[in-house]
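Here's a quick briefing to read with the model open. Take a look at the chain and its ligand, then work through the points below.

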Amino acid sequence: TMPLTALNVPERRSGPPSDFERELVAALSARPRSISPKFFYDTAGSRLFDRICDLPEYYPTRTEFGLLADHGPDMASHFADGADLVEFGAGSLTKVRLLLDAWERPGRFIPVDISAEHLHQSAAPLRAEYPGLEVLPIAADFTRPLSLPAAERRVGFFPGSSIGNLGPVAAVRFLRQAAQCLPGGGLLVGVDLVKDPATLHRAYNDAAGVTAAFNRNLLVRANRELGADFDVAAFDHYAFYDPLQQRVEMHLVSRRAQTVTVADQCFEFAEGESLHTENSHKYTVEGFRQMARRAGFTPGPVWVDDARLFSVHWLAT
Ligand code: AVI
């Protein structure tokens, strides 16, 4: 006869649980419930993020792109000849082209991104466009220690205000680690600025609902990858700016009481209960420079658009 335990037990995926499974289970077990925004970026999530970047309300991408287009040569003049360029959270590799075009003697290009398939799909056309450039993509979580190809000099590029998704403590930790792996160089980093709350609110509550879909994709991903059973439509996208903490918070708020199963464990959501999915911190120019100093960088020039929406900092090591 079959052992009793073999009956009615859903088949478990073999091998150890993924980071996503462990962190989602931990998030759902805690109060308040909160999970790292890095789990947004499966292939579908990276595509949704690319759509966010094109939204009329989402000013950061367009504004930073304008700064890179206008000041690329000035920015790239800080890059040492032949240094390796490491891009953290490289995404679709659109912005780095402006630096590569402006940099006279580039070394190798090392894009790092957590979204492996998206990264490799983005690297292919870049290689075709820059045939002389060695492109060495690394699919990894850039908040963890990285093993980079040996190089005498490296410069870093961290665009998009992804640093804002870390929070001040983790941001300093990241910057310290970056300073250590960028010898004889520095970091070019894009940082979203504090501004009027209405502009921020619109940027995270777009009329087309793409940001809402991006937020809910976390649950779609859990259903697909972890066999979870979130009723995705029963969660509201909720994003707001908190001027005290100078950050936008994104949440998924349960519209009704519901029970969710993840990795064979049951979790209750009360009506109105939230899963906190992202913080997006905003900085003043001076506030960010102080943080960079604390991490061991020497802040250099800063480029800011006329409307003071966004900043790009050169931080020397
Ligand atoms: C990637 N990161 C900087 C974006 C941000 O604005 O914090 C992610 C995002 N979340 C909602 N819209 C965009």
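Two strands count as paired if DSSP finds at least two bridges between them. Helices (H or I, at least four residues) and strands (E, at least two) are DSSP runs, numbered from the N terminus. This is a predicted model, where local features need pLDDT of at least 70, side-chain atom pairs count only at pLDDT 80 or more, and totals for chains, interfaces and linings use all residues. Residues are numbered from 1 along each chain as its sequence is written, and side-chain values use heavy atoms, with hydrogens and water left out.

**The sheets**

- Strands of a sheet pair through backbone hydrogen bonds, either parallel or antiparallel.
- Strand 5 (residues 154–158) pairs with strand 6 (residues 186–192) in the parallel sense, over 4 bridges; Phe157 has Leu188 of strand 6 as its bridge partner.
- Another open sheet is formed by 4 strands, ordered 1-11-8-7, again with mixed pairing.
- Its edge strands are strand 1 (33–34) and strand 7 (235–242), each pairing on one side only.
- Strand 7 and strand 8 (residues 247–254) run antiparallel and are joined by 8 bridges, and Phe235 finds its bridge partner in Ser254 of strand 8.

**Around the ligand**

- Which residues come nearest to the ligand? Out of 14 residues around it, they are Tyr58, Asn165, Tyr204, Glu278 and Ser280 (near means that a heavy atom of the residue lies within 4 Å).
- Now the polar contacts, meaning pairs of N or O atoms within 3.5 Å; within protein, one must be able to donate a hydrogen and the other to accept it, and residues adjacent in sequence count only if both atoms are side-chain atoms.
- A nitrogen atom of the ligand sits 2.8 Å from a polar side-chain atom of Asn165.
- The side chain of Tyr204 has an N or O atom 2.5 Å from an oxygen atom of the ligand, and for the side chain of Ser280 that distance to a ligand oxygen atom is 2.6 Å.
- The protein buries 98% of the 340 Å² that the ligand exposes when taken alone (accessible areas are from the Shrake-Rupley method with a 1.4 Å probe).
- Helix 2 (43–53), helix 8 (210–226) and strand 11 (274–281) each give at least two residues to the shell around the ligand.

- The peptide bond from Arg31 to Pro32 is cis, with omega near -10 degrees; Pro32 is in the loop between helix 1 (19–29) and strand 1.
- Gln246 isn't a glycine, yet it has a positive phi of about 50 degrees; you'll find Gln246 in the loop between strand 7 and strand 8.

**Confidence**

- The chain has a mean pLDDT of 95, with 96% of its residues at 70 or more (pLDDT is the predictor's confidence in each residue, from 0 to 100).
- Residues 6–11 have pLDDT below 50, and beyond near neighbours in sequence this stretch has 2 contacts in the model (contact means heavy atoms within 4.5 Å).
- The model's scores are ipTM 0.99 and pTM 0.94.
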